Amino acid sequence: MSHVSDTFEGARAKAARREKVFQVINRASGWLSVLGLGFVVPLVKIAAGDNVSEQLGALKRVLLVPLAGIMVFLAVWAVLAPKVQTSLGAIPGPVAVLDQAGALFADHAAERRKAADFYARQDARNAALIAQGKGDQVKVRAYTGRPTYVDQIFTSLITVGLGFFIGTLIAIPVGIACGLSQTFNGAINPLIQIFKPVSPLAWLPIVTMVVSAVYLNPSDLLPKSMVISAVTVTLCSLWPTIINTALGVASIDKDLVNVGKVLQLSTFTTIRKLVLPSALPLIFTGLRLSLGVGWMVLIAAEMLAQNPGLGKFVWDEFQNGSSSSLARIMVAVFTIGIIGFALDRLMYALQSAFTFSSNR
C-alpha cells in the first residue's frame, strides 16, 4: 500500500513539474513570437514531452512553410538571374551576392585592423616622446580611413534614430492635443493632410538650405549631413504617429475623462493616468509606421544628398559601374530589408512590454 502511495505521489509531483514547465513555455511564447522566434516554441514543447504530432504541425506552419517560400524564391532567383543581361553584366545570383557580402565584411575587418595598427603606432610614438622628455610634441590624431560598409550601416541607424526621436517628441504631444480638442484638431488637420503626402525629394532641398543657414558650427559628433538627413526623416515620418495618437486619444472611454473632471485632476495628470494608458496601443501602431516610413525616407535622402550611409553606398556603387557593383547593391537591398524588419520587431516588442505593464 505504501509503495502504491509513493508511486501516486511521485506521478503527481511529476505532473506538477510538467505543468510548471509548460506555464513557463507559454509565458515565453508571446515574447518569442514578438521577436520573430515563434518557431522555437514547438521545439521546446517537444523537448518537454508535449504531443509530437501536434507540435510538428505548429512547427510546419511557423517554420517550414516560410523556409519553403524562401527556398523557392532563391531557386527562381538563381535560375532567372543569369538570363537578364545589363550594361554591367548578368544579374548576380544568390551565390554572387553572398560572396560580395563576405567581401564587404572582410573589408571592414581589414579597415579595423588598419585603425588598430595606426593607434598602436601613435601610442608607441607618443610614449617614446614622453620618455625623451618631449611631451610637448605629443600629438593625438583620429584615424581617417574610409568608412566601411558596416560603418555606413551604423551611420544610417544613428541618423534614422535621431530623426525618429525628434519626430516622436513633436508627434505625440500634437496627436494628444488633436485627440483632446476638436478645435485644435480642426486647425491642425488641414496642415496634416497637405504635408503628409509630400515626398522627401521635395523636402530635401528646403531642409538642406535651412540647416545650412541655421546650423553654422557643426560638431564632429553631429555633422551637418546627418542633421539634414535626420530632419528630412522627421518631416516625412511624424504623420502616422500624429494621426494614430489623435485617433487613440479621441476613442478613449469618455467616462474616464469625466472621472478626471470629477476628481479635479490636472491636465497633465489626466493625460498621464487616464489618456496615455488607453491610447498606448494606437500610439505604438503610429510609432511603428513612422519608423518604417523614416527608414525608407532615410535611404532616399542619403542617396540624393550624398550624405554618409547606406543610401550613399548604393549610389556610389551604381556610379562605380564595376562588375561587382550590382551584387553589392543587392547586398545593400537585403541589408535594408533585414534592418527594417528588425526595427519593426523592436518597436513591436516595446509595444508589447508597455501595453502589458500599463494593463497590470
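The structure is a predicted model. Its protein chain has twelve helices and two strands. Of its 360 residues, 32% count as buried.

**Overall make-up**
- Along the sequence, the elements of the protein chain follow the pattern α-α-α-β-β-α-α-α-α-α-α-α-α-α.
- Among contacts with a separation of 6 or more, 69% are accounted for by residues 24 or more positions apart.
- The protein chain exposes about 21300 Å², and carbon and sulfur atoms supply 68% of that area.

**Helices α4 and α5**
- Helix α4 covers residues 94-131 and helix α5 covers residues 149-180.
- The axes of α4 and α5 come within 7 Å and cross at roughly 95°.
- Angles of 65 to 115 degrees count as roughly perpendicular, so α4 is roughly perpendicular to α5.
- On the α4 side, the contact is made by Leu 104, Phe 105, His 108 and Arg 112.
- On the α5 side, Tyr 149, Val 150 and Asp 151 make the contact.

**Nonpolar surface patch**
- A nonpolar patch on the surface is formed by Leu 64, Leu 67, Ile 70, Met 71, Phe 73, Leu 74, Phe 334 and Ile 338.
- Together these residues have about 750 Å² of accessible area.
- Helix α3 gives the most, with six residues.
- Leu 67, one of the patch residues, lies in helix α3.
- Leu 67 has a relative accessible area of 42%, and because buried means under 20% and exposed means over 50%, Leu 67 is partly exposed.

Conventions
Residues numbered from 1 in each chain as written. Predicted model: local features only at pLDDT ≥ 70, side-chain atom pairs only at ≥ 80, totals over all residues. Heavy atoms only, no water. Patch = residues over 30% accessible without salt bridge, like charges linked within 9 Å, V, L, I, M, F, W, Y side chains within 5 Å. Areas by Shrake-Rupley, 256 points an atom, 1.4 Å probe, with all protein chains shown as cover. Salt bridge = Lys/Arg side-chain N within 4 Å of Asp/Glu carboxyl O. Helix = DSSP H or I, 4+ residues; strand = E, 2+ residues; numbered from the N terminus. Buried < 20%, exposed > 50% of the residue type's maximum accessible area, 1.4 Å probe, protein only. Axes fitted to C-alpha atoms, helices over the stretch in contact; angles between N-to-C directions. Parallel < 35°, antiparallel > 145°, perpendicular 65-115°, else oblique. Contact = heavy atoms within 4.5 Å.
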